[in-house]
Amino acid sequence: RGVIGPSKLYIFEEGSNGTLGHPPVVAWVEDVRDARGSARHCLLADLGDIYDNNTGSQLSIRGLPDIIITGTGGLDIYSSMGNLEWRRVRSIPIEDMNDDTGAFLGVEILGQHLIIATRTRWG
């Protein structure tokens, strides 16, 4: 098996002639201690205001993007509250599916819902 590395958020600046600048700026690197499996898809989207279910404290602000990562470990949502210190605010471990789901392959937002593509375990 390979080694799982961190997911990264790169920012490529566009030049006046439409070319992308190199090297890109690394805006975020996932803490590998948080990674439960390899990533298969990443989506940057504004999920609106997100609150902690236990304390009621705000974890994400409407108008700022959130990072949604899906893969063999499940689904993770990271938010920054505008300070660029990203932290995981929601998570669905693949084991919580309690079926033959082996990975979440992609995700799309439809209104207030996350539509998640899956695949079964190999073998």
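**A tour from the pocket to the sheet**

The largest pocket holds about 280 Å³ of space. A pocket here is an open set of points on a 1 Å grid over the protein atoms alone, where a 1.4 Å probe fits, with protein on both sides within 12 Å along at least five of seven lines. Its volume is the space filled by probe spheres set on the points.

This is a predicted model, in which local features need pLDDT of at least 70 and side-chain atom pairs count only at pLDDT 80 or more, while totals for chains, interfaces and linings use all residues. Numbering starts from 1 along each chain as its sequence is written, and side-chain values use heavy atoms, without hydrogens and water.

Select L47, G111, Q112, H113 and L114: of the 14 lining residues, these lie nearest the centre of the largest pocket. A lining residue has an atom within 4 Å of a point.

Next, select the open sheet of 4 strands, ordered β3-β6-β7-β8 with antiparallel pairing. Strands are DSSP runs of E, at least two residues, numbered from the N terminus; two strands pair if DSSP finds at least two bridges between them. At the edges are β3 (39-45) and β8 (87-93), each pairing on one side only.

Move to β6, residues 66-71: 6 of its 6 residues are buried, so the strand is largely enclosed by the rest of the structure. Buried means under 20% relative accessible area with a 1.4 Å probe, protein chains only. D66, I68 and T70 lie on one side of β6, and I67, I69 and G71 on the other.

A45 stands opposite D66, and G71 stands opposite G74 in β7. β6 and β7 form a hairpin with 2 residues between them.

Methods: Buried means under 20% relative accessible area, exposed over 50%, partly exposed in between (1.4 Å probe, protein chains only).
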